[in-house]
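Reader: I would like to go through this model piece by piece. Please show me the sequence and structure, and then I will ask.

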Amino acid sequence: MKKVAIFGKPGSGKSTLSKGLTQATHLELHALDSILFKPDGSQIEREVYDQKHRAILHSDSWIIDGFGPISSFYERLEAADTLIYIDLPYAVSYWLVTKRLLKGLFVKPAGWPSGSSVIKGSLQSYKTLKLCPRFWNDDFMQKLQTIAKGKKLYVIRSIKELNRFVEEV
(Lines give C-alpha, C1' and ligand atoms only; values in the text may rest on other atoms or scores of the structure.)
Protein backbone atom coordinates (compact mmCIF):
# COMPACT_ATOMS: atom_id res chain seq x y z
CA MET A 1 0.00 0.00 0.00
CA LYS A 2 1.95 2.97 -1.31
CA LYS A 3 -0.51 4.85 -3.54
CA VAL A 4 -3.99 4.97 -2.08
CA ALA A 5 -7.10 6.54 -3.62
CA ILE A 6 -10.01 7.06 -1.21
CA PHE A 7 -13.30 8.08 -2.76
CA GLY A 8 -17.07 8.00 -2.33
CA LYS A 9 -20.12 10.19 -1.94
CA PRO A 10 -20.04 13.47 0.01
CA GLY A 11 -20.28 12.91 3.74
CA SER A 12 -19.11 9.31 3.56
CA GLY A 13 -16.18 9.64 5.97
CA LYS A 14 -13.35 9.92 3.44
CA SER A 15 -11.47 12.58 5.41
CA THR A 16 -11.75 10.72 8.69
CA LEU A 17 -10.58 7.46 7.13
CA SER A 18 -7.75 9.21 5.28
CA LYS A 19 -6.41 10.77 8.47
CA GLY A 20 -6.47 7.44 10.30
CA LEU A 21 -4.79 5.67 7.42
CA THR A 22 -2.14 8.39 7.22
CA GLN A 23 -1.32 7.90 10.88
CA ALA A 24 -1.16 4.12 10.47
CA THR A 25 0.94 4.09 7.26
CA HIS A 26 2.86 7.38 7.50
CA LEU A 27 2.00 8.05 3.84
CA GLU A 28 1.50 11.70 2.91
CA LEU A 29 -2.16 12.73 2.72
CA HIS A 30 -3.43 14.97 -0.07
CA ALA A 31 -7.02 16.10 0.44
CA LEU A 32 -8.35 17.16 -2.95
CA ASP A 33 -10.44 19.96 -1.45
CA SER A 34 -7.25 21.63 -0.23
CA ILE A 35 -5.78 21.37 -3.74
CA LEU A 36 -8.94 22.45 -5.59
CA PHE A 37 -9.64 25.57 -3.54
CA LYS A 38 -7.73 28.77 -2.83
CA PRO A 39 -7.57 30.16 0.72
CA ASP A 40 -10.51 32.48 -0.10
CA GLY A 41 -12.67 29.46 -0.97
CA SER A 42 -12.67 29.98 -4.73
CA GLN A 43 -11.56 27.20 -7.08
CA ILE A 44 -8.09 27.25 -8.56
CA GLU A 45 -7.58 27.23 -12.31
CA ARG A 46 -7.97 23.79 -13.87
CA GLU A 47 -4.44 23.81 -15.34
CA VAL A 48 -2.94 24.53 -11.91
CA TYR A 49 -5.00 21.74 -10.37
CA ASP A 50 -3.99 19.28 -13.09
CA GLN A 51 -0.31 20.15 -12.59
CA LYS A 52 -0.50 19.66 -8.80
CA HIS A 53 -2.51 16.45 -9.16
CA ARG A 54 -0.10 14.90 -11.67
CA ALA A 55 2.89 15.83 -9.49
CA ILE A 56 1.32 13.92 -6.61
CA LEU A 57 0.53 10.92 -8.83
CA HIS A 58 4.17 10.77 -9.96
CA SER A 59 5.55 10.80 -6.42
CA ASP A 60 6.58 7.53 -4.75
CA SER A 61 3.72 7.29 -2.28
CA TRP A 62 0.51 9.08 -1.36
CA ILE A 63 -3.00 8.96 -0.04
CA ILE A 64 -5.46 11.07 -2.02
CA ASP A 65 -8.85 11.73 -0.49
CA GLY A 66 -11.69 12.98 -2.65
CA PHE A 67 -13.13 12.99 -6.13
CA GLY A 68 -12.15 16.13 -8.08
CA PRO A 69 -12.66 16.51 -11.83
CA ILE A 70 -13.70 13.24 -13.48
CA SER A 71 -10.65 12.92 -15.74
CA SER A 72 -8.27 13.30 -12.79
CA PHE A 73 -10.38 10.82 -10.81
CA TYR A 74 -9.78 8.09 -13.38
CA GLU A 75 -6.07 9.01 -13.66
CA ARG A 76 -5.82 8.58 -9.90
CA LEU A 77 -7.57 5.20 -9.96
CA GLU A 78 -5.17 3.98 -12.65
CA ALA A 79 -2.08 5.23 -10.73
CA ALA A 80 -3.12 3.86 -7.33
CA ASP A 81 -2.19 0.43 -6.06
CA THR A 82 -4.96 0.53 -3.45
CA LEU A 83 -8.54 1.71 -4.03
CA ILE A 84 -10.87 2.42 -1.13
CA TYR A 85 -14.46 3.07 -2.14
CA ILE A 86 -16.69 4.20 0.71
CA ASP A 87 -20.20 3.24 -0.40
CA LEU A 88 -22.38 4.02 2.59
CA PRO A 89 -26.17 4.05 2.22
CA TYR A 90 -27.52 7.39 1.06
CA ALA A 91 -29.40 8.01 4.31
CA VAL A 92 -26.12 7.69 6.22
CA SER A 93 -24.31 10.08 3.86
CA TYR A 94 -27.11 12.65 4.19
CA TRP A 95 -26.92 12.33 7.97
CA LEU A 96 -23.12 12.74 7.98
CA VAL A 97 -23.34 15.87 5.80
CA THR A 98 -25.98 17.25 8.18
CA LYS A 99 -23.84 16.39 11.20
CA ARG A 100 -20.82 18.11 9.61
CA LEU A 101 -22.97 21.18 8.85
CA LEU A 102 -24.29 21.43 12.41
CA LYS A 103 -20.85 20.99 13.96
CA GLY A 104 -19.39 23.34 11.35
CA LEU A 105 -21.58 26.17 12.56
CA PHE A 106 -19.37 26.25 15.66
CA VAL A 107 -16.05 24.70 14.62
CA LYS A 108 -14.61 24.45 11.12
CA PRO A 109 -14.46 20.76 10.14
CA ALA A 110 -10.95 19.30 10.09
CA GLY A 111 -9.49 19.52 6.60
CA TRP A 112 -12.13 22.00 5.43
CA PRO A 113 -10.63 24.45 2.91
CA SER A 114 -9.73 27.80 4.49
CA GLY A 115 -12.18 30.51 3.50
CA SER A 116 -14.82 28.06 2.30
CA SER A 117 -18.26 28.38 3.82
CA VAL A 118 -19.40 25.25 5.64
CA ILE A 119 -23.00 26.20 4.84
CA LYS A 120 -22.34 26.63 1.10
CA GLY A 121 -20.21 23.50 1.03
CA SER A 122 -22.90 21.49 2.79
CA LEU A 123 -25.59 22.76 0.42
CA GLN A 124 -23.35 21.70 -2.47
CA SER A 125 -22.91 18.29 -0.81
CA TYR A 126 -26.70 17.87 -0.64
CA LYS A 127 -27.00 18.79 -4.35
CA THR A 128 -24.21 16.37 -5.23
CA LEU A 129 -25.76 13.58 -3.16
CA LYS A 130 -29.01 14.01 -5.07
CA LEU A 131 -27.10 13.46 -8.34
CA CYS A 132 -24.87 10.64 -7.06
CA PRO A 133 -27.04 7.71 -8.23
CA ARG A 134 -26.22 8.74 -11.79
CA PHE A 135 -22.54 7.99 -11.12
CA TRP A 136 -22.18 5.73 -8.07
CA ASN A 137 -24.16 2.80 -9.50
CA ASP A 138 -23.76 -0.73 -10.86
CA ASP A 139 -22.07 0.55 -14.04
CA PHE A 140 -19.46 2.36 -11.96
CA MET A 141 -18.94 -0.75 -9.84
CA GLN A 142 -18.29 -2.84 -12.96
CA LYS A 143 -15.84 -0.23 -14.27
CA LEU A 144 -14.15 -0.14 -10.86
CA GLN A 145 -13.76 -3.94 -10.85
CA THR A 146 -11.99 -3.69 -14.22
CA ILE A 147 -9.71 -0.84 -13.09
CA ALA A 148 -8.93 -2.72 -9.87
CA LYS A 149 -7.40 -5.76 -11.58
CA GLY A 150 -3.94 -6.21 -10.03
CA LYS A 151 -4.74 -3.72 -7.24
CA LYS A 152 -6.21 -3.97 -3.77
CA LEU A 153 -9.85 -2.88 -3.77
CA TYR A 154 -11.78 -2.27 -0.57
CA VAL A 155 -15.47 -1.40 -0.64
CA ILE A 156 -16.73 -0.10 2.70
CA ARG A 157 -20.51 -0.29 3.06
CA SER A 158 -21.21 0.54 6.72
CA ILE A 159 -20.09 2.83 9.52
CA LYS A 160 -18.94 -0.25 11.43
CA GLU A 161 -16.64 -1.30 8.54
CA LEU A 162 -15.45 2.31 8.21
CA ASN A 163 -14.56 2.53 11.89
CA ARG A 164 -12.69 -0.80 11.84
CA PHE A 165 -10.89 -0.37 8.52
CA VAL A 166 -7.63 1.21 9.75
CA GLU A 167 -7.28 -1.35 12.53
CA GLU A 168 -7.69 -4.25 10.12
CA VAL A 169 -5.38 -3.10 7.33
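Reader: How many aromatic pairs does the count come to?

Author: This is a predicted model, where local features need pLDDT of at least 70, side-chain atom pairs count only at pLDDT 80 or more, and totals for chains, interfaces and linings use all residues. Residues are numbered from 1 along each chain as its sequence is written, and side-chain values use heavy atoms, with hydrogens and water left out. Rings of Phe, Tyr and Trp (its six-membered ring) pair if their centres lie within 6.5 Å; planes under 30 degrees apart count as stacked, over 60 as edge-to-face and the rest as tilted. By this rule the count is 18 aromatic pairs.

Reader: What is the geometry of the pair Phe73 and Tyr74?

Author: The ring centres of Phe73 and Tyr74 are 5.2 Å apart. Their planes stand at 65°. That pair is edge-to-face.

Reader: Phe73 also pairs with Phe135; how many residues apart in sequence are the parts tied together?

Author: The rings of Phe73 and Phe135 have centres 6.0 Å apart and planes at 70°, so this pair is edge-to-face. Phe73 belongs to helix 4, while Phe135 sits in the loop between helix 6 and helix 7. Helices (H or I, at least four residues) and strands (E, at least two) are DSSP runs, numbered from the N terminus. The pair therefore ties together parts that are 62 residues apart in sequence.

Reader: Is Phe73 buried or exposed?

Author: Buried means under 20% relative accessible area, exposed over 50%, partly exposed in between (1.4 Å probe, protein chains only). Phe135 has 23% relative accessibility, so Phe135 counts as partly exposed. Phe73 has a relative accessible area of 0%, so Phe73 is buried.

Reader: Which residues form one aromatic cluster with Phe73?

Author: Tyr74 and Phe135 belong to this cluster.

Reader: At what angle do helix 4 and helix 7 pack?

Author: Two packed helices are described by the angle between their axes and the distance between the axes. Axes are lines fitted to C-alpha atoms, for helices over the stretch in contact, and angles run from 0 to 180 degrees between N-to-C directions. Helix 4 (residues 70–79) and helix 7 (residues 138–147) have axes 10 Å apart. They pack at about 40°.

Reader: What does that make helix 4 relative to helix 7?

Author: Angles under 35 degrees count as roughly parallel, over 145 as roughly antiparallel, 65 to 115 as roughly perpendicular and the rest as oblique. Helix 4 is therefore oblique to helix 7.

Reader: Which residues of helix 7 meet helix 4?

Author: Contact means heavy atoms within 4.5 Å. Helix 4 brings Phe73, Tyr74, Leu77 and Glu78. From helix 7 come Phe140, Lys143, Leu144 and Ile147.

Reader: How do helix 5 and helix 6 run, roughly parallel or roughly antiparallel?

Author: Helix 5 (residues 90–104) and helix 6 (residues 118–131) have axes 9 Å apart. Their angle is about 175°. Helix 5 is therefore roughly antiparallel to helix 6.

Reader: Which residue is the bridge partner of Ile84 in strand 5?

Author: Strand 4 (residues 82–86) and strand 5 run parallel and are joined by five bridges. The partner of Ile84 is Tyr154.

Reader: Which residues of strand 3 are buried on its two faces?

Author: In a regular strand the side chains alternate between the two faces of the sheet. Both faces of strand 3 (residues 62–65) are covered. One side has Trp62 and Ile64 buried, the other Ile63 and Asp65.

Reader: Which residue in strand 3 stands opposite Ile6?

Author: Strand 1 (residues 3–8) and strand 3 pair in the parallel sense over four bridges. Opposite Ile6 stands Asp65.

Reader: Which residues does His30 touch?

Author: His30 is in strand 2. His30 is buried, at 14% relative accessible area. Not counting residues up to four places away in sequence, His30 touches Ile35, Ile56, Trp62, Ile63, Ile64 and Asp65.

Technical notes: Two strands pair if DSSP finds at least two bridges between them.
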